[in-house]
Amino acid sequence: MTPSPLLNVRGLDVHYGRFQALFHVAVHVAQGEVVALIGGNSAGKSTLLRAIAALLAPSAGTIVFSGTDLGDLKPHQVVALGVSLVPEGRHVFGSLTVRENLLVGAHSRRARNAIRQSMEEVYELFPILRQRANIMGNELSGGEQQMLAIGRSLMSGPALMMLDEISQGLSPLVIKAVYRTLSAISRTGTAVLLVEQDVRRSVSVADRVYAMVRGRAVCLGVPGSLTEDDLKKACFGFELQGARSSEGERS
Amino acid sequence: MTDLIQPIVNGILLGGLYAAVAIGLSLMFGIVRLINLAHGDLMITASYLSLVMVEQVGLSPLTAAVMVVPMLFPAGFGLQKYVLNRALRRGPEPPIIVALGISIVLQNVLLLIFSPDARSIPANVAVLAVPVTENLSLPVIYLMGFGVGCTAIAAVHVLVRRTRLGRAIRAASEDDETARLMGIDTEYVHCCAMGIAVTTAAVAGVLVGMTFTFYPHSGPQYLLIAFGVIVIGGVGSMTGALAGGIVLGLAQLVGAHVFGPGHQLLCGYLVLLAVLAVRPHGILGRANS
Ligand SMILES: Nc1ncnc2c1ncn2[C@@H]1O[C@H](COP(=O)(O)OP(=O)(O)OP(=O)(O)O)[C@@H](O)[C@H]1O
Ligand SMILES: [Mg+2]
């Protein structure tokens, strides 16, 4: 493990009202690392990403990014620090053009100065967006919207990019293309925290893998040492070794 | 027939002023999705402030306008920041009630300070007219209203469509959460939008105060006009507000000319209903928004 990870989440609890969605989650991501977080429906994956993005206030635990405690920050301040979330379901601005969507992605003060360069980089990564620059977001295909969502998030110049189920509802060919760009993004030194239900795909690009089951995250280790059976077992229905040991304080 | 030309021209010119009355409400209602029921009262407050500047301080109406209009930006910004944004956290309805409360408070404060008498901002231009033909002359104050109204519409249009703040306003109103994920402080953006909306209301208030008489309770009357304008023109469309203003102005003045002054408001609202029957989303409104 690196001396101090880029993102360090410790002992995180998140509640929705009285319902506890996350239990003592500990996850870390090092500079430039690609980390996959896999797990079935309702495991709490999106909840974790949304808590890191400060859309949800944790009830316990700490989230430290690059030495800064994100505890009291608002979402726009977290973005300004260099953490960007590509939300589940893409959420492209349908009434804005592709170009405007990208410009909105560079809203924060830090990103504004590099706007031309970032846009050029995004267009190089997704040439289709350049062709569609003046089309409304809601006129794009699902794949194009996903590319726009990723490109828009890149416009903020993130040091850590979090992506929530980017392959959902896309054809295999498009998924392949999106993942290729993901590798390109990671090669520029951007750390990636990738949430997927598609175990095989996400694990194939990851440096490290966490599994999440019913609100608890367990580090499974490095992909090479894991068989597909291990992963399936870890994520779908089976009690985990690691989880059991840290389950002392069941609510 | 020739005697219809004057009301037609006046109606079109009045439309520009009506557009200025409506543009701020349209910005908040159509884009930020907040119905500011105090819009008319904020406008009339600006009329009274200019009146004070002219009568008590002794400024010219133009200087008074230049003083009053910028004062209303921080007022709108603060109103959103300290009052409406707090209400907005509880859901979309509380701000409507709060705005209604502000409307009532403003009316009563104006009543206390200024008494219920009819007032108007004394301005030399109010009695000037440019003769064009034997049957037609252009009242200077209406020309000013039209010019300023068109300028306000153009300015807000450019702001919303072409600037970083405008993009942020549109993004935040379409999807607040995603806008925040993009680094937009959506509450701050709403404050700016309200500041701009109230500034345009102040512009309209000064013009209305020089063109017509006003009372502490005139606000709701102009709120109704503003709603008429944006419903006719299309909610959230800036150019639509100008079209809506002109249609409403024409309907009122031509109606008053044909059926008598008592029918001015009725004619306006009949045309509003007719437009809604033919184009439910307004002249320039879009069906899907
Ligand atoms: N806004 C909310 N209010 C109440 N409960 C919620 C809310 N959002 C999520 N939950 C609950 O929290 C738990 C975790 O949800 P979350 O969306 O984080 O799961 P997920 O792992 O992302 O699932 P999926 O793969 O289906 O996206 C679920 O039981 C869900 O029902
Ligand atoms: Mg999810």
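Contact means heavy atoms within 4.5 Å of each other. The structure shown is a predicted model, in which local features need pLDDT of at least 70, side-chain atom pairs count only at pLDDT 80 or more, and totals for chains, interfaces and linings use all residues. Residues are numbered from 1 along each chain as its sequence is written, chains are lettered from A and ligands numbered from 1 in the order in which they are written, and side-chain values use heavy atoms, with hydrogens and water left out.

**View 1**
B:Ser50 belongs to helix α2 (residues 39-57) of chain B; helices (H or I, at least four residues) and strands (E, at least two) are DSSP runs, numbered from the N terminus. Because its relative accessibility is 1%, B:Ser50 counts as buried (buried means under 20% relative accessible area, exposed over 50%, partly exposed in between, with a 1.4 Å probe and protein chains only). Leaving aside residues up to four places away in sequence, B:Ser50 touches B:Ala64, B:Val68, B:Ile121 and B:Val206.

**View 2. B:Ser60 in a loop of chain B.**
The loop between α2 and α3 of chain B holds B:Ser60. With a relative accessible area of 36%, B:Ser60 is partly exposed. Between the C-alpha atoms of B:Ser60 and B:Val109 there are 25 Å, the two residues being 49 residues apart along the chain.

**View 3. The magnesium ion (ligand 2) and its protein donors.**
A:Ser46 (OG) and A:Glu88 (OE) are the protein donors of the magnesium ion, at 1.9 to 2.4 Å from it. Distant parts of the chain are linked by this pair, 42 residues apart: A:Ser46 is in helix α1 of chain A, and A:Glu88 is in the loop between β6 (83-86) and α3 (98-105) of chain A. Donors are N, O and S atoms within 2.8 Å of the metal (3.2 Å for Na, K and Ca); water is not among the atoms, so sites may look incomplete. A:Ser46 counts as buried at 18% relative accessibility, while A:Glu88 counts as partly exposed at 32%.

**View 4. The largest nonpolar core.**
A nonpolar core is a set of buried Ala, Val, Leu, Ile, Met, Phe, Trp, Tyr and Cys residues joined through side-chain atoms within 4.5 Å. The largest has 120 residues, and those with the most contacts inside it include A:Leu7, A:Leu48 and A:Met162. Helix α1 (residues 5-32) of chain B gives the most to this core, with 15 residues. Another core, of 32 residues, lies apart from it, with A:Val86 and A:Ile166 among them.

**View 5. The second largest cavity.**
On a 1 Å grid over the protein atoms alone, a cavity is a set of points where a 1.4 Å probe fits but cannot get out, and lining residues have an atom within 4 Å of a point. Grid points are joined across faces, edges and corners, and a volume is the space filled by probe spheres set on the points. The second largest cavity holds about 30 Å³ of space. Its lining includes A:Ala53, A:Pro75 and B:Leu181, and α2 and β6 of chain A each supply at least two residues of that lining.

Notes: 1 Å grid on protein atoms, 1.4 Å probe; cavity = no way out; pocket = protein on both sides within 12 Å on 5 of 7 lines; lining within 4 Å.
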